[in-house]
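Biologist: Please take a close look at one part of this model. I would like one connected account.

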Amino acid sequence: MTDQKIIELFFARSQDAVTEIKQKYGTRLLLLSRNILGDLLDAEECVNDTLLAAWNAIPPTRPNPLLAWLCATVRNISMNRLRGKRAEKRGGGQICEAFDEFADTFPDQETLETEFDRRELARLLDRFLSRLAKRDRQLFLGRYFAGKSICELAQFLGMTQENCRVRLLRLRRKLHAFLQREGILE
Amino acid sequence: MNARNEILFALSEISPKHIRCVTPLLSERPAVTRRSFMKKTAKWTGKIIGTAAAAVIVLGLIFLPGLWQSNTPLQSASPTEDETIHLTLLIESEGTSEFCTNHYPEKYVTEYEKDHPSVEIQIEKLPEDVEEREPVLQRIRTEIMAGKGPDIFLLPTCPVGSDYDLDTGNAYLEPLFQNVEQSMYGEKFLDISQYYDADMELDKEGLNQAVMDGGCVGDARYVLPLRYTVPVALADVSALKERKIDVNSLSSSVESFFSTLVAYGDGSISPQLQSTFFCAFPEIYDYKREKVTLEQEKMTSFINVYREYVALSADCPVFPPDNSKDIEVNRETPLVLDNLGEDVLVLTALSRLSGEETEVIPLNTFDGTLTASVTYWCAVGNSCEHPQEAYDFISHFLSPDFQKDQTALGLGSCPGWPVRTNGFVSTLWNSYKEFHKVDLPKEILELALTDEDFSILQAEIGAVRFETVWDRDMDMALRRRLYDWDAMKPITEDTNTIAQDILDELRWRIQE
């Protein structure tokens with residue numbers, strides 16, 4: 001079923017919308033959440049929360065593209081859950097490696113200007129990403145948005161793992177320099 | 001929370017178009033992309049192709065011995081389909097005349113493709129016909145919203161056919177971007193600052209820096225202005241002195257300009273200004289906060305003066321003239337309102353010949369700022385996947401050669417002055433004389449002009465804007481609310497109400 005038809009089902013308040021969306025995108029959302037949380041049960045709960053969020057948001061929202069909206073939502077829910085897990089030191093998924101990787105360019109003591117909110121930061125990240133070549137963008141987001149392993153990314157992008165690591169390091173440094181230029185790092 | 005965590009959390013809120021590029025990775029098995037597939041199979045494919053090629057060569061040598069003696073040159077291997085970079089270029093379709101803005105882009109695409117065999121540029125033209133244009137605009141706007149759309153834009157801010165009759169409000173051609181600045185803030189274009197900054201071949205010194213900065217939002221550069229203009233008044237100083245009109249008071253601001261003429265009491269000495277609303281205010285919108293910053297008090301004050309001026313000059317013709325005959329006629333008009341361009345150049349020449357003291361007065365906005373208007377520009381679309389190639393292509397339009405060649409064709413169909421501001425007066429003047437040599441008197445044809453005759457080029461530009469459809473609509477609204485053009489008499493509506501309505505309309509538009 002096309003995304004357009006699924007959205008029409010949501011607008012018609014038909015519960016088939018949830019079934020269709022789960023059938024079409026459920027696995028991808030589950031994998032994304034699992035990459036973040038490292039636990040399949042937690043991931044399933046996050047996917048269910050995402051479907052509920054979609055039910056509540058559509059209408060009036062008409063996400064386009066639908067998958068991107070779902071991915072952003074499931075990631076947000078999963079990241080919030082991860083925050084709690086990390087506070088309780090209860091592990092996490094591959095994304096935690098990404099947190100550690102970031103430490104070499106963004107040390108613990110480095111903070112953002114206090115008046116900066118997350119939405120503004122996201123717009124800056126958009127600008128940063130727009131400047132990257134598509135391959136670099138896929139590498140950066142594959143690692144830090146989707147929490148994919150270096151091995152998977154190397155295979156997907158047809159690069160060596162070492163090449164992936166080096167490029168990611170350069171991209172983190174580039175991001176650091178960009179945010180410094182924007183004056184948001186304290 | 002520290003910066004690192006904030007960034008990783010904020011990634012959930014990035015634009016869907018970026019998320020979309022990562023969704024192919026979200027499958028159980030790593031997707032076998034074309035790249036990885038080709039890499040994996042390259043070894044075997046190479047062997048097979050190598051064997052086949054060897055066989056073909058052997059067969060060729062056996063059966064076609066005459067082939068190597070043929071005069072056909074050996075061509076370099078053309079890039080495969082996978083290696084070819086496809087770019088789409090959107091331009092206006094302003095006729096097919098060589099004097100139109102499309103002549104050079106089309107020619108340059110051919111040259112560029114020849115020099116860059118791996119790049120293929122497909123040109124799309126926006127139709128001139130209003131009915132054909134509408135669905136095309138809708139389609140491209142939808143594509144842009146969906147993160148697609150053209151890779152490169154090369155467009156006039158207001159299409160050449162967009163001029164409309166101020167009195168009747170007849171239809172005009174709608175531009176693709178109704179408000180280029182708002183589109184910059186909305187990141188409809190790609191930030192090309194890294195490519196621009198790294199471009200060492202481009203002579204940036206010769207570009208008008210103030211105008212070029214008009215394409216920036218903060219440090220991000222979204223648009224490369226190619227041509228610009230400033231509103232000017234060409235004044236016959238001695239004729240104005242005879243009428244006891246102070247030339248300095250005309251130049252201080254547009255409000256002062258109108259007040260002076262109203263005080264003189266004869267509107268016939270100056271024709272009407274075409275884009276009053278645009279010329280009046282330097283800053284009207286705060287696109288970042290989606291607010292209208294123009295205060296009602298200023299608006300009301302301006303309308304009060306403008307109301308009197310409209311009533312005074314209602315039956316005067318609208319400038320600019322477009323041929324030498326009109327120019328002759330308008331030698332008798334002591335004050336001519338125009339934009340920086342050919343007509344001002346011609347009137348400057350006429351005054352030099354006659355020995356009359358003429359002054360080109362920059363028409364400052366309400367607060368005394370000279371505001372330039374970008375009339376022709378180019379940009380890379382935000383969804384462009386080959387920004388470096390796209391930038392390489394558009395940077396050519398800023399090169400001295402291109403700007404000079406285009407200027408030599410005249411400024412007629414694309415108004416405005418080259419953003420590489422200096423050094424073009426003689427080129428433009430010579431091309432004008434060549435084109436009008438049948439109509440122009442001998443003494444004009446013999447006259448040489450240089451940049452030194454055109455001091456307006458050195459006027460300090462305080463602000464840069466892109467004229468918007470909104471500005472034009474507000475112009476129309478103002479004129480209709482202030483004057484009954486059928487009955488040819490002023491309308492006595494409360495100024496505060498008009499100002500309030502205009503500002504409400506703008507607020508609604510910016511938030512729409």
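Biologist: Which residue is the bridge partner of B:Ile91 in strand 3 of chain B?

Modeller: B:Leu154 is the bridge partner of B:Ile91 in strand 3 of chain B. Some ground rules come before the rest. This is a predicted model, where local features need pLDDT of at least 70, side-chain atom pairs count only at pLDDT 80 or more, and totals for chains, interfaces and linings use all residues. Residues are numbered from 1 along each chain as its sequence is written, chains are lettered from A and ligands numbered from 1 in the order in which they are written, and side-chain values use heavy atoms, with hydrogens and water left out.

Strands here are DSSP runs of E, at least two residues, numbered from the N terminus. Two strands pair if DSSP finds at least two bridges between them. Strand 1 (residues 85-92) of chain B pairs with strand 3 of chain B in the parallel sense, over three bridges. Strand 12 (residues 371-380) of chain B pairs with strand 3 of chain B in the antiparallel sense, over five bridges. There, B:Ile152 has B:Val380 of strand 12 as its bridge partner.

Now burial. Buried means under 20% relative accessible area, with a 1.4 Å probe and protein chains only. Five of the five residues of strand 3 (residues 152-156) of chain B are buried, so this strand is largely enclosed by the rest of the structure. Both of its faces are covered. On one side sit B:Ile152, B:Leu154 and B:Pro156. On the other are B:Phe153 and B:Leu155.

Key: Buried means under 20% relative accessible area, exposed over 50%, partly exposed in between (1.4 Å probe, protein chains only). Helices (H or I, at least four residues) and strands (E, at least two) are DSSP runs, numbered from the N terminus.
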